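Open the structure in your viewer, try each task yourself, then compare your steps with the worked solution.

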Amino acid sequence: MAADTTAIRLSVAVSEASHVSVLRVSGSAAFDALDRIVPRELYLRDGQILHSMLLKDDATLLADLFVCRQDESYLLLSEGACADEISRRLQEQVPVGADLELRSLAETHGLVALDGPYAWELLAEALSPDVVGLPYLGFFDLDPWICLRAGKTGEYGYWLLGARSEIPALMVHLLEVGRRFDVARTDLEALDQCALENGFFNIRREGALELTPIELQLQWRASYQKDYVGAAALRQHRTEGARARVTTIVGDGPLAEGDSVFLDGTRIGRMVNAGFSVTRGDWVALALVEERWAHPGLNFNAAHGDARLDVHSISPPVINNRSLYVHSQRHSYRTRDEQTFPAL
Amino acid sequence: MLRRVRELLINNLHVRREPDEIDPDAPLFATGLGLDSLDAVELVVCLETAFGVRLGDDQELRRKTRTVNSVVDTVLATTETSHGG
């Protein structure tokens, strides 16, 4: 297994999440403006995170979005749309002169990500034991950082948001303390592959293909009961019925984005994301196929170049995440060899 | 089976969605369809009552109920095992 993927799946890996844009939204018009662009109901308490998305007018994806309620303001963490683009969309939703303060943190702040079944333990030793009690999709002030729990790998995942100038020292500290955890530095490519293995949506891959939440199986991030940018197009698309839907594929590969998918010699779709899983030892892909065939347990063929490969559909996650079995009250990286865990 | 699991979620777990809104790979808990720990208990009871599925410990429950399709897979595996003798 590659060292950084091993760390993500078995210990902990750290990375700088420079691909995430951060925007602070405040003012008395903040809720109304946000409510008109976020497709989910904005039921959020202080310290809670909502996983949602942003849609374009035609209901295709613009951004993968975390909305964090911080007292009376909101932090938006976006992949796929920069802070300026989101700011423009928010300003379009309220009258000129409305009390809406928008502050991009792109120049002043940075994010460090920790992912892995023992990410909580490294953070507890490096920064504060308070991290251990942080629930999934929660965040709290860990002066001088804001600590958010919101990974996309199926393992324990945390983001530390703080002053950009403090990021290098934080990385050094985490890597130093992390030696006891066999920590590794990782990058977006490895994290994206882990996300694919766990069925997390990727705005840079399948999200860039002008698909709607219906094809992408993201309807849980949208409400049909409220109005927002893209809502009318999404309702219309639902009424018409989607002809295709993404489904997870595995095979001995190689597989690549754009490969055609066949059933009994008939082309039924194409790969929209693919990569080699060093954890499984085979290839994992996401295919956009005709809706009636978008189910697990079916055998297909994939055309990769001149080769025809046997592949089959499967329910994600396609690995058995170690984080399902690691509990902060019962486990520690130091004593991992004394524990018995199921295979990944 | 997907249809039956969707109906179970709507009728027994009170997921406020139309069947076609419940995507097969949608996460059941937390940020997904919003089920909580109390719903997990209800889900265990419903799966046993409706399909004869017995989930073991908490870890098995979490692994086998991560998404709608995970539940479908679990039910199908139980059904095939019982039919296979």
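**Exercise 1. List the buried residues of H1(A) and find what they pack against.**

Solution. 
- Step 1: Pick out the buried residues of H1(A), which are Asp4(A), Thr5(A), Ala7(A), Ile8(A), Arg9(A) and Leu10(A). Keep in mind as you work that this is a predicted model.
- Step 2: Recall the cut-off: a residue is buried if 20 or more other C-beta atoms lie within 10 Å of its own.
- Step 3: Compare with the length of the helix. Helix H1 covers residues 3–10 of chain A, and 6 of its 8 residues are buried, so by the cut-off of 20 or more C-beta atoms the helix is mostly covered.
- Step 4: Look for the packing partners. The buried residues of H1(A) pack against strand E1 (13–16), strand E7 (109–115), strand E11 (184–185) and helix H6 (188–197) of chain A.

**Exercise 2. Work out why E7(A) is largely enclosed, and which strands pair with E7(A).**

Solution. 
- Step 1: Count the buried residues. In E7(A), 6 of the 7 residues are buried, so the strand is largely enclosed by the rest of the structure.
- Step 2: Take one partner. E1(A) and E7(A) run antiparallel and are joined by 4 bridges. Within this pairing, Val14(A) stands opposite Leu114(A) of E7(A).
- Step 3: Take another partner. Strand E10 (residues 157–163) of chain A pairs with E7(A) over 7 bridges, also in the antiparallel sense. Here Asp115(A) has Gly157(A) in E10(A) as its bridge partner.

**Exercise 3. Describe how domain 1 of chain A meets domain 2 of chain A.**

Solution. 
- Step 1: Chain A is divided into domain 1 (3–192) and domain 2 (202–314).
- Step 2: Locate the centres. Taken over C-alpha atoms, the centres of the two domains of chain A are 27 Å apart.
- Step 3: Find the elements on the domain 1 side. H1, strand E3 (49–55) and strand E4 (61–70) of chain A each give two or more residues. The largest share, 4 residues, comes from E3(A).
- Step 4: Sort this side of domain 1 by class. There are 8 nonpolar, 5 polar and 11 charged residues.

**Exercise 4. Which residues have the most contacts inside the largest nonpolar core?**

Solution. 
- Step 1: Start with a general idea. In soluble globular proteins, nonpolar side chains tend to be buried together.
- Step 2: Turn to the model. The largest nonpolar core has 113 residues, and Val67(A), Leu122(A) and Ala287(A) have the most contacts inside it. Domain 1 (3–192) and domain 2 (202–314) of chain A each supply at least three residues to this core.
- Step 3: Zoom in on Val67(A). Leaving out residues up to four places away in sequence, its contacts include Leu34(A), Val38(A), Ile49(A) and Tyr74(A).

**Exercise 5. Trace the closed barrel of chain A.**

Solution. 
- Step 1: Follow the 6 strands in the order E12-E15-E14-E13-E16-E17 (chain A), with antiparallel pairing. Ignoring direction, neighbouring strands of this sheet are turned by 40° against each other on average.
- Step 2: Check one pairing. Strand E12 (residues 244–251) and strand E17 (residues 307–314) of chain A are joined by 4 bridges and run antiparallel. Ile249(A) has Ser313(A) in E17(A) as its bridge partner.
- Step 3: H6(A) lies across strand E14 (266–277) and strand E15 (282–290) of chain A, at about 130° to E14(A).

Notes. Residues are numbered from 1 along each chain as its sequence is written. Chains are lettered from A and ligands numbered from 1 in the order in which they are written. This is a predicted model: local features need pLDDT of at least 70, side-chain atom pairs count only at pLDDT 80 or more; totals for chains, interfaces and linings use all residues. A nonpolar core is a set of buried Ala, Val, Leu, Ile, Met, Phe, Trp, Tyr and Cys residues joined through C-beta atoms within 7 Å. A residue is buried if 20 or more other C-beta atoms lie within 10 Å of its own, exposed if 12 or fewer, and partly exposed in between; C-beta atoms are placed from the backbone. Domain bounds come from an automatic or database domain assignment. Two residues are in contact if their C-beta atoms, placed from the backbone, lie within 7 Å. Two strands pair if DSSP finds at least two bridges between them. Ala, Val, Leu, Ile, Met, Phe, Trp, Tyr, Cys and Pro count as nonpolar, Asp, Glu, Lys and Arg as charged, and the others, Gly among them, as polar. Axes are lines fitted to C-alpha atoms, for helices over the stretch in contact, and angles run from 0 to 180 degrees between N-to-C directions.
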